[in-house]
Amino acid sequence: MKNILKKFKLPIGVAIVFVALFIFAPDAAARSSKVAYEYFLEMVFILPPVFILMGLMEVWLPKDKIKKWLGNDSGLRGGILSLVLGTLPTGPLYVAFPLSASLLHKGASITNVVIFLGAWAALKIPQLMIEVKFMGLNFAIMRFVLTIFALILMGSFMKAVLTRHPDKKWLESNKGLSDQ
Amino acid sequence: MTTIIIIYALLALALVFSLFKSKEKTQKAFKVAGKALLKTAPSLVAMLGIVGLILGLLTPEKIASLIGAEAGFLATVTAAVIGSVTLIPSLVAFPLAGSLLRSGATVMTISAFITTLVMVGVITAPMEMKILGMRFTLLRNGLGIIAALLIAFLMGILL
């Protein structure tokens, strides 16, 4: 019982807030429910195939190749590859998390995974086209260039920190996945 | 819609390849997928609720009134906070940001909003933690906020 409570503390907390909102601000609660429902519909369609893709990646991606292309010694080529992979038109950021985990299991470097995730979030091509239209070319180009620099710095820093202080809990819960 | 088409097309392609190569490994892939999905489910439910709550309370009009009216450092920080805690599709976010810019918000404030919106995901953090670990998530989002503010600052000066 205690375990279940611990595992579901976040959803339970959110549910409590919803109930309170329904009592004190029914208008906002109705809007919130509608938004949640819309996102639910989106995720119900998108997430199952994403997780199956992740499963297929875990099973099929050759570890030695991923290590070579995106690993610690992949250098500039690995960084550029991560950037390009991230900018391809795909889905929302939460789609990229399982894929990133697979890449990490397969030996991609932390720096490259951070670049991949960052590019996915901030530098996606369809998103950039909308940005150019509404914010202007200068704004979009400047943000693009500065973001790339930021991602490289963030990635290198995170690699240094996480190499020295690995996330043992995460490694433990992902045991076995990497040796397939 | 295009997202769904692309992902299902990718999946179909990968599945055909996988089944052709080995039925056993395909089964194993499904097992890995099911386990991961089950593990992530509670944080997904929470994420849905939080998205709903935040977007239900922070409507585009509300955001406009919070960061459009005032200028200066405080508006930039407010914009960064709003950008971090919201998850707005770019088709809504960029028109909103553009109109705020034209109606008098500073470039720095709008850049802070956009850069945190795309780089920092407080809403998706529970899910990110489940999948990529607590440390990774805290570092990536924490550094993302700092980077976003620096980028906003530079863009404010340069543009």
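How many salt bridges does a search of the whole structure find over all chains? The search finds 3 salt bridges over all chains, a salt bridge being a side-chain nitrogen of Lys or Arg within 4 Å of a carboxyl oxygen of Asp or Glu.

## Before we start

This is a predicted model, in which local features need pLDDT of at least 70 and side-chain atom pairs count only at pLDDT 80 or more, while totals for chains, interfaces and linings use all residues. Residues are numbered from 1 along each chain as its sequence is written, chains are lettered from A and ligands numbered from 1 in the order in which they are written, and side-chain values use heavy atoms, with hydrogens and water left out.

## Chain A as a whole

Chain A has 10 helices and 0 strands. Both kinds of element are DSSP runs numbered from the N terminus, with helices (H or I) of at least four residues and strands (E) of at least two. The C-alpha atoms of chain A fill a box of roughly 55 × 50 × 30 Å along the principal axes.

Chain A has 180 residues, and 48% of them count as buried. Here buried means under 20% relative accessible area, exposed means over 50%, and partly exposed lies in between (1.4 Å probe, protein chains only). The accessible surface of chain A comes to about 9500 Å², and carbon and sulfur atoms account for 72% of that surface; such areas come from the Shrake-Rupley method with a 1.4 Å probe, and for residues only the protein chains shown count as cover. Among contacts (heavy atoms within 4.5 Å) in chain A between residues at least 6 apart in sequence, 73% join residues at least 24 apart.

## Where the two chains meet

The contact between the chains takes 74 residues from chain A and 75 residues from chain B. About 6500 Å² is buried between chain A and chain B, with carbon and sulfur atoms giving 84%. This buried area is the accessible area (1.4 Å probe) that two parts lose on being put together, summed over both. Phe51(A), Trp60(A) and Phe97(A) supply 11% of the area that chain A buries against chain B, more than any other three residues.

Between chain A and chain B there are 0 salt bridges, but 11 residue pairs are in polar contact (both at pLDDT 80 or more). A polar contact is a pair of N or O atoms within 3.5 Å; within protein, one must be able to donate a hydrogen and the other to accept it, and residues adjacent in sequence count only if both atoms are side-chain atoms. Several helices of chain A each supply at least two residues of the side that touches chain B, among them α2 (9–24), α3 (26–60) and α9 (137–164). The most comes from α3(A), with 22 residues.

One residue to look for is Thr40(B), found in helix α2 (residues 23–57) of chain B. Thr40(B) counts as buried because its relative accessibility is 1%. Leaving out residues up to four places away in sequence, Thr40(B) touches Phe51(A), Met127(B), Lys130(B) and Ile131(B).

## The salt bridges up close

Side chains of opposite charge can pair when their charged atoms come close. Glu38(A) forms a salt bridge with Lys34(A), their closest N and O atoms being 3.5 Å apart. These two residues are about one helical turn apart, because they are 4 residues apart in helix α3 of chain A. Glu38(A) is partly exposed, at 42% relative accessible area, whereas Lys34(A) is exposed, at 55%.

In another pair, the closest N and O atoms of Glu131(A) and Arg143(A) are 2.7 Å apart. Glu131(A) lies in helix α8 and Arg143(A) in helix α9 of chain A, so the pair ties together parts that are 12 residues apart in sequence. Both Glu131(A) and Arg143(A) are buried. In chain B, Glu128(B) forms a salt bridge with Arg140(B), with closest N and O atoms 2.6 Å apart. Glu128(B) is in helix α7 (residues 125–132) and Arg140(B) in helix α8 (residues 134–158) of chain B, so this pair ties together parts 12 residues apart in sequence. Glu128(B) and Arg140(B) are buried.

Trp69(A), Leu76(A), Ile80(A), Leu81(A), Val84(A), Leu85(A) and Leu88(A) make a nonpolar surface patch of about 630 Å². Patches are made of residues with over 30% relative accessible area and no salt bridge; like charges are joined within 9 Å, and nonpolar side chains (Val, Leu, Ile, Met, Phe, Trp, Tyr) within 5 Å. Helix α5 (residues 75–87) of chain A gives the most to this patch, with 5 residues. Ile80(A) has its place in helix α5 of chain A and counts as partly exposed, at 46% relative accessibility.
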